[in-house]
Amino acid sequence: SISVEAAAASAAAIEASGSCHGGNGLGVGSGRSAPPDAPSAQDAMRPGESLPPVGVVDYAQLAEYASALERQVAELQAANASLEDHLAREVAFKDLYYTELCACRDRLERVSGAPV
């Protein structure tokens, strides 16, 4: 039987080499997204869902688990980028509306002759 530490080291070496059977060859944290034909994270194994018992190592299952994590990271990074873009647009609109409000207030003060 293989020890947990040895299994973890072997799995890390396999994942680092990008040669996991059934993996997409992307290193964890590589910043690259999964290929477009890859199943979504909802279709893949969820982290912690069906890990093998301690001391039992299924390299194909570990590779599938690592691939699922990579897909989830890519999806979360894409969602985060989308939210950051949306936030930047909202900030720009807020600044534009505030500038227009100030201009309207200035015009109203000039027309009425009294501070608003």
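Visitor: At 43% relative accessibility, what does F93 count as?

Guide: Buried means under 20% relative accessible area, exposed over 50%, and partly exposed in between (1.4 Å probe, protein chains only). With its 43%, F93 therefore counts as partly exposed, and its place is in helix α2, where helices (H or I, at least four residues) and strands (E, at least two) are DSSP runs numbered from the N terminus. This is a predicted model, in which local features need pLDDT of at least 70, side-chain atom pairs count only at pLDDT 80 or more, and totals for chains, interfaces and linings use all residues. Residues are numbered from 1 along each chain as its sequence is written, and side-chain values use heavy atoms, with hydrogens and water left out.

Visitor: Which residues make a nonpolar surface patch with F93?

Guide: A patch joins residues with over 30% relative accessible area and no salt bridge, like charges within 9 Å and nonpolar side chains (Val, Leu, Ile, Met, Phe, Trp, Tyr) within 5 Å. Here F93, L96 and Y97 make a nonpolar patch of about 320 Å², the areas coming from the Shrake-Rupley method with a 1.4 Å probe, and for residues only the protein chains shown count as cover.

Visitor: How many salt bridges does a search of the whole structure find?

Guide: A salt bridge is a side-chain nitrogen of Lys or Arg within 4 Å of a carboxyl oxygen of Asp or Glu, and the search finds 2. One links K94 with D95, whose closest N and O atoms are 2.9 Å apart, and D95 is partly exposed at 37%. In another, R105 pairs with E109 at 3.6 Å between the closest N and O atoms; these residues lie 4 apart in helix α2 (residues 59-112), so about one helical turn separates them. R105 is partly exposed at 40%, as is E109 at 24%.

Visitor: Why does the search find 0 disulfides?

Guide: A disulfide is a covalent bond between the sulfur atoms of two cysteines, counted here when the sulfur atoms are within 2.5 Å. The sulfur of C102 is 9.4 Å from the closest cysteine sulfur, in C104, which is too far for a bond. C102 is partly exposed, with a relative accessible area of 24%, and C104 is partly exposed at 41%.

Visitor: Over which residues does pLDDT stay under 50?

Guide: pLDDT is the predictor's confidence in each residue, from 0 to 100. The chain has a mean of 74, and 53% of its residues reach 70 or more. Over residues 19-36 the value stays under 50, and for them the model has 27 contacts beyond four places in sequence, a contact being heavy atoms within 4.5 Å.
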